[in-house]
Every structure is written in C-alpha cells, then in structure tokens.
Amino acid sequence: MDKNEVLNYFFELVKIDSPSGDERKLADKLKKDLKDLGFKVEEDDSGQKAEGNAGNIIAYLKGNARKPPVLFAAHMDTVEKRGGILPVIDEEGKIFSEGPTVLTADDKAGICAIVQGIKWALKKGVEHGDIEIVFTVCEEIGLKGSKNLDTKKLKSKVGFVLDSSGKVGTIVTAAPAQNKLYFKIKGRAAHAGLEPEKGLSAIKVAGVAISNMNFGRIDEETTANIGIIRGGKATNIITDLVEMEGEARSRNELKLKRQTEHMIQAVKDAADSFGAEVECEVEASYPAFDFDECALIVRYVMNAVEKIGLKPILSPSGGGSDANILNGKGIPCVNLGTGFFNPHSPEEYITIESLINLCKLVEALL
C-alpha cells in the first residue's frame, strides 16, 4: 500500500466542497476515477428527487464468478459548507483541518479507502468476485440518496458501508429505526396587553407537553428528542401556533412504538387540558437492523479484520446510516468503523495509520 498515494488522494477529496445537495464536483471526479480503474459507471436520478445537483454514483467491475459479488458504499455529502479545508498532519500522525472547518473524513475517509483499497488490490492481481460501489448523495440530511436508490440495479447479496466513527475493525451489527415526529399546536391569538384572557397560548401548551414528556436517553436501546420549536410573532400577541419537530429511535421496534406513542400522548394531553387543537404526524425515517455475531456477514468481516492484524470489535449504534436503508431494501449490510473521530465538528480527525488500515480492510473484504 503506497501511503503517500493514499494521503494525496484523501487530501484531494477533502479539498472538494460537497455539502448535501451540492456534490457535483466530487461526483464528477469519482466517476472519472472509477472509470480509470475499469469500472462501468452510471449516475442515477436521486439528485433530482433530493433537489440536489448530483445523483448516486453506481459502479460495477466484473470479477471471478467463483467468488460472491460484494457491495461497498459511502456517502459523498458533508454536513456543512465553509470552504477552505486545509488538511494538516500533526506530529502524532493525526490528520485534521486547520481552522474552524470540519475535516470531512465523514465520509471521505470511506470513499478514499474504497477507491484506494480496490486500486491496490487490482494492482496486486488479487482475485475477486464482482465488485459494486455506491457513493450516495444527501446522506447527512435524511439518507435521501440511499432512499432513492434503485437496488434492482445491484447484484450483491452482501454489503459494507464505510461510515461509522470509531476504530477500524469496529463492526456495527445493530442500529436503530427512527421515527420523525411533527406537531402543530393551535391556540388562539389575542392582544397580550389589552385582553390576554381572550387568548390561548400555544407556547404554554407546548411547554406543558414538553415538561410531561420523557426524552433523552430512555434506555440502552432507545433515545428521543425534541429538536425544533417554532412559534410567535411579537411579544404583544398571544401565540396561536407552535410547531415542534422531534424524533424517537430504538433498536427495538416495540420500544420505538411505545416511545412514539408516549410523545404524541403528552402533546395531546396538554392540548386537551387547555382546550387547544393539535395535529400530529409521524414519519418512519429508516428501519432498524440487527445481526447476531454468528451471522455470515459478521463472521466474514471479522475474518477480514483479523487478516489485516486487527481485533474485531462488535458494537451496536445509536445512529442511522445508509446501512439501515440497504438492509431495509433486502441487501444485508453492516456499517464499519472508518477510523475518524469527532465527526461534524472542527475537532474531527483521522490518523494516517487508520486510513491505511481502512484501505487494507477493503482489500481484505474482496
């Protein structure tokens, strides 16, 4: 494995701005790079459906029929666009972005490893089955790329998503389903100084609902949150409409159902106590997945991790990824530790050693 080649490629990737919905420049580069490796490459129409300027990149390379086809996936988009990412390496071998920008190792480390790991394997003449690659768009804003992916175009019966923080060798064997919750609390407007008794404050109703709602860490499998509250026009007007957005997640479907119902009931009870109206909407964002440590896909990855001299770490996750969507569409997938830490923050970093090991892991998975 050529360390300098890997580093140079990673630096190229992180310097290309690709916030959600604006992945065009990165998509064009990756299409060219994959074609140069001999892949047949296409771009789907998921960008239009997600109101972005690029679609998912789907690439295919024919291999030896004696070996099973495998799928590698990572996402092209990043959480923010501040530009001017300058990757630097400190004396400990940590790669980070100089200044107040995220490094975007989430998920360009995954992309780098897939391209460079396969490139190195092809140079060495490693025997492989059919290889499929999917680089998705708009993952950070609701897994929109994978949700709009036509998996009928894929042959693989097993997949590896490179998009989890943590050590290389980590295998995310379980991840939660998520429900998004949307509430509209309707009160009654009135002048706050002249006749407040004629009004009905939707803000007060929302406050009571939230105070009676259990969210945060519910148990080891379940979390919930109210993340957005909108309402009010002026201090002298009793607020007649408050909108709230929240979520519930659990690796247990029954617990997810119960937590969702609890949050809805808390809002309805508060509205009833004041005589307000409420509208509730639940959107199932993505399904859960859960693999036993004896599952073939888990054993396969464990063997590959051990092959490159690392110790497998089996771990559940509290977050969603493209692996949730692909599993829901019938392709068994695990999410893999990609070696980056502190994603979505200026403190994000990955070590040179982790990046090289991730490339080696891709090769070992072929």
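# Aromatic pairs and helix packing

Phe 72, Phe 160 and Tyr 300 form one aromatic cluster, and the structure holds five aromatic pairs, where rings of Phe, Tyr and Trp (its six-membered ring) pair if their centres lie within 6.5 Å. This is a predicted model, in which local features need pLDDT of at least 70 and side-chain atom pairs count only at pLDDT 80 or more, while totals for chains, interfaces and linings use all residues. Residues are numbered from 1 along each chain as its sequence is written, and side-chain values use heavy atoms, with hydrogens and water left out.

**Aromatic rings**

- A pair of aromatic rings is described by the distance of the centres and the angle of the planes.
- Phe 72 and Phe 160 form a tilted pair, with 5.7 Å centre to centre and 45 degrees between the planes; planes under 30 degrees apart count as stacked, over 60 as edge-to-face and the rest as tilted.
- Phe 72 lies in strand E3 (residues 70-75) and Phe 160 in strand E7 (residues 159-164), so the pair ties together parts that are 88 residues apart in sequence; helices (H or I, at least four residues) and strands (E, at least two) are DSSP runs, numbered from the N terminus.
- Phe 72 is buried, at a relative accessible area of 0%, and Phe 160 also counts as buried, at 0%, where buried means under 20% relative accessible area, exposed over 50% and partly exposed in between (1.4 Å probe, protein chains only).
- The ring centres of Phe 341 and Tyr 349 are 5.6 Å apart and their planes stand at 20 degrees, so this pair is stacked.
- Phe 341 is partly exposed, with a relative accessible area of 29%.

**A charge over a ring**

- Lys 94 lies over the face of Tyr 349, at 4.5 Å from the ring centre; a charge sits over a ring if NZ of Lys or CZ of Arg is within 6 Å of the ring centre and within 35 degrees of the ring normal.

**Helix packing**

- The axes of helix H8 (residues 296-307) and helix H10 (residues 352-365) come within 9 Å and cross at roughly 125 degrees, where axes are lines fitted to C-alpha atoms, for helices over the stretch in contact, and angles run from 0 to 180 degrees between N-to-C directions.
- That makes H8 oblique to H10, since angles under 35 degrees count as roughly parallel, over 145 as roughly antiparallel, 65 to 115 as roughly perpendicular and the rest as oblique.
- In H8, Tyr 300, Val 301, Ala 304, Val 305 and Lys 307 meet Leu 361, Ala 364 and Leu 365 in H10, contact meaning heavy atoms within 4.5 Å.
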